[in-house]
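Dear colleague,

A summary of what was found follows it.

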Amino acid sequence: MKRTYLIVLSLIFIALAILPLLSLLFGSLFRECTINLDNYIGLIQGRTLQLLLQSILIGVAVCFLSTILGLGFGFLLIKSHLPNKALFKVLLLIPLLLPSYITAVAWVDFFVFLGISSAWIYSRVTAIFVLTLIYTPLAVLIFSAALQNINAGLEGAALLITNYRKVFFTIILPLIKPAVFSSLLLIFILSISEFSVPAFLSVDVLTTDIFIQFSAFYNYNVAIAQSSLLILLCVIGLIIERKLLADTPFLTVTGKSHHSRLAPVPQATYVPLALAIGYVLFSIIIPLAVLIAQSLAGGRENFYKALSYLWVELGQSLLFAITGAAIIAFVGFSFAYLKARRSYGWIDFMLMLTFAIPSVVAGIALINYYNTPFSNFIYATPAIIFIAYLMRFVLVAERILNNRLIQLPQSLEHAASICGAGNYLTLRKITLPLMSEALMGAFIISFIFCIGELGTIIMVYPPGTALLPIKIFTIMANAPQSLTSAMCLIVLLFTTSVLGGILGLWQLIKRARFMVYDGS
Amino acid sequence: MSRCIFILFLLTISAFLFLSCSTQSSDEVVIYTSVDQVFAEPILKDLQQETGITVKAVFDTEETKSTGVLNRLIAEAANPQCDVFWSGDPVRANVLKQKGISEPYQSKVAEGIPAYFIDHDKHWTGFSSRARVLIYNKNLVPSDKIPSSLLDLTKEEYKGKVAIANPLFGTTSFHIAAIFSALGDEKAKKWLSDLKANNVIIATSNGDVKKRVSNGEIWCGLTDTDDANEAIKEGAPVGIVFLGQSDIGALIIPNTVSLIKNSPNGVNAKKAIDYLISKETQLKLAKSCAQMPLSKGVEVPQGVFSLDKVKAMQVNYDQTSKKLEEIQNYLKEWVENNS
Amino acid sequence: MMEVELQNITKSYGNKTVLKDIHLALPNGSFTCLLGSSGSGKTTILKLLAGFELPDKGDIWISGEKVSSNNKLLKAPHERGIGYIFQDLSLWPHLSVMENIAFGLKIRKVAAYKDKVMEMAQRLNIGETLSKYPHQLSGGQQQLVAIARSLVLEPNLLLMDEPLANLDVKLKKVVREKILELKKLLSINIIYVSHDHREAFTMADQIVVLNEAQVEAVGTPQQIRESPSEFIKYFIEL
């Protein structure tokens, strides 16, 4: 890709998504035009540090648990003789499709139904438990992509020397180290910046305190100062990741021994099957069952009612999410390319800023920046929603794409330019097709995140725009539980079928296009 | 294939541009509301139908304790996008007033509403109202042990069995501020610490209080009439008590409307306010969510409490809002040390 | 005229200097072999010639035209009219053999590209693989496809980065003969990177020996064999 294009794109991105945040952070340093660090000095007090610790504790616990589970299920999906893998792939995604707040409510209802005492339910442990279940699918996605790309030859070579367990720990795990760190870092950030689950479970963390500063005290500058702590945490996480990854050689994927090898586990399929079914039962069926039971309590009309509420939103949300995901995949790819091919490391830090910030703060930043008579054409139109999507999620897409891009030998692109292909042709004919699987993955993840985004969008959506999560959450107040649950189920069914449709179509295109070559 | 995708991409984007342009109409009014969408939306639909003004609404979420809209209003102050703010309580309306975001508007329609429910600078006008009540689980609470006063809740027999929503937010915060005004700081603080000593449970919202009482997690809790009414509609085994009928009275919380300063559609905004505070709207809200009409002469449907029959707490809404600001830090500490 | 000239080329990666003030002039019509142990900067020279890398210092000339100068790209790789056989071949896995070979012809909008591909494939005995995908071919066949992909564009200069490294002895011989045959037929210049001196001696008419970022010796196979350099003696005996 042309350097000028990439630089222009970065500048546009900075102008659209980074400057709002920077100006907000910068503004919090001043009071009446003089530098005033009171809000920041105020951070160094027992209470804030205690909350910070609590946030870190939850974040670390969740990221490790999710990563371990995700690695396990990624392994089951790619390397084991698990039957019906496609089915499990979709099922494992479901927790990502439910709003985290709804999942928390469903689990609490389930625990209450079991008769567990409130003191146990409304606790840190439950928060960690629920967040782990919510973010494990993300880890599964990251690991299935990474494991799929492991050269079977590398495994094979090691298998001649030792048993599979050793090979796993000494060869496979080191090879997917970047994926391990991506998973740890992303999930850590997601869980420390998550608000609705700890708030619902009455667990005090940094985000809930930020929320109190915003919503009870209207004390924006303190809230922003506290948010900067979150950003700081994420930057530290990123630096640690950098350090640990510094000497990792990236494996590359080449022509022949490309096909992934199944683990030589005994032919018995019941062990992985039992594991997968057990987890699926646990993490998916229980909250779903709670939702179904609750919505059935309202009778059949309840579903019609829910559907009538959501009718307009289904179509609009779909359009928004698909367009948003396409934009994110596109921009994410450009940044991944800048990072992998031009080694622009600062991109990570830039994207981290937008990803780590709590969604409400992001919303406030967007309002402050865009709500002027001159930029009404952005603020009062759907454009603001796309900017919000981009800001919140481009990091995830960039990570997924970058992981793949560094596995792609650059000589494939060089070979094309030697044959006379310019930058654009090389990109279109060689790089993009070879990245198609990862692009699809980035698109799907972005789609899921976009269709569920609430915290930022609710601050900035143009009045009259109909979006699913907003409708569900605004209706939810004082609506019967049965209606809320029915709406969630409809949305879940809808997004699952849309995803199924997209993936099905993708398979067809792939089969028609790359008759023989198959990423898997 | 990539060309196809590219064209598709362009098509979607142009469809959006078209959509966003075609929905721009001049005869519209933008209303932000913290009132629950299930109840507010039908009223706004009628408003649109009867006045011919296109209504664009922004609703709030329970998850953010219905403060998202207010935060948005504050952030948008420099270049207002909103014309009318319809709040479920006077607290938020007072915040807007203090921040200079609303402007006075004296509606002719407001004549039937007691002056007591209108801001003395006319920054907001109250109409239908809710009340703070105690909701209890009939299966758990013996009939001779139903509390009748706030002060009962600190008794030993209710230890660990009472819930209130987070007192930093919404109607609960206003309720506590009103209690401080009514009892005086010292007594109110004692009451709060007694509550804490009695292991009061702090729920995330009034809806959460309702839910926990309904499913029998706890005996009883403080909530709003609309939540309580919803529980009864759902068939939960709950009863409602107006507390303090023999002492300070029950807190009445009116809905309020405010006109936003420099609003983009000023004329329509006033029309919308007139519509919202009309007797017809109050009757509709009485029917849909048991809100008590404030205008004299609105017939009160069956099952809806009437203001005449309830002993109301004597509050100055303006002062109570100031009180709230004063005690907020104390409340925050109270919550933090409680969890 | 000199086909390829490197003038005062210095190139380092980080703090490791891989080429230090290199001078090289390769005449037209030559088959040059860059010989040296791994890490001696052979592949870097190819990358510099192709334009994938830029010299920190010095100029590069191809066919009388300056293509790179002091960290400046004057001519992009696709404008240099060269062919390149990568060590890992870099066949595009998502394209069939036909599409791989026809890629450059299509870009040049050659109308009869199918005939040209067929002709080249026939010549290299890979005609029957055209509809297959790279991973379905044997190592030798992949090698020939990579060669076909480069030669079908009739480059003036062909850069080959250890193209025979992964082949068995028998295949090596076959491919080697094919290369020599094509060189004669198409009259192209070849720069061939190898660490195997036997390969170099049998194929090249000029050998450049590289050692520790510098040129150790340049000459015909005969001259190199008789060189007094300790390094070369040691290297050949290996």
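In chain C, Leu157(C) has Asn189(C) of β9(C) as its bridge partner. Strands here are DSSP runs (E, at least two residues), and helices are runs of H or I of at least four residues, both numbered from the N terminus. Five bridges connect β8 (residues 157-161) with β9 (residues 189-194) of chain C, and the two run parallel; strands count as paired if DSSP finds at least two bridges between them.

This is a predicted model, in which local features need pLDDT of at least 70 and side-chain atom pairs count only at pLDDT 80 or more, while totals for chains, interfaces and linings use all residues. Residues are numbered from 1 along each chain as its sequence is written, chains are lettered from A and ligands numbered from 1 in the order in which they are written, and side-chain values use heavy atoms, without hydrogens and water.

The open sheet of chain C has six strands in the order β7-β8-β9-β3-β10-β11, with mixed pairing. Because β7 (82-85) and β11 (214-219) of chain C stand at the edges with a single partner strand each, one side of each has no neighbour in the sheet.

Chain A and chain C each give 26 residues to their contact (heavy atoms within 4.5 Å). Between chain A and chain C there are zero salt bridges (a side-chain nitrogen of Lys or Arg within 4 Å of a carboxyl oxygen of Asp or Glu). On the side of chain A that touches chain C, the largest share, seven residues, comes from α20(A).

Yours sincerely
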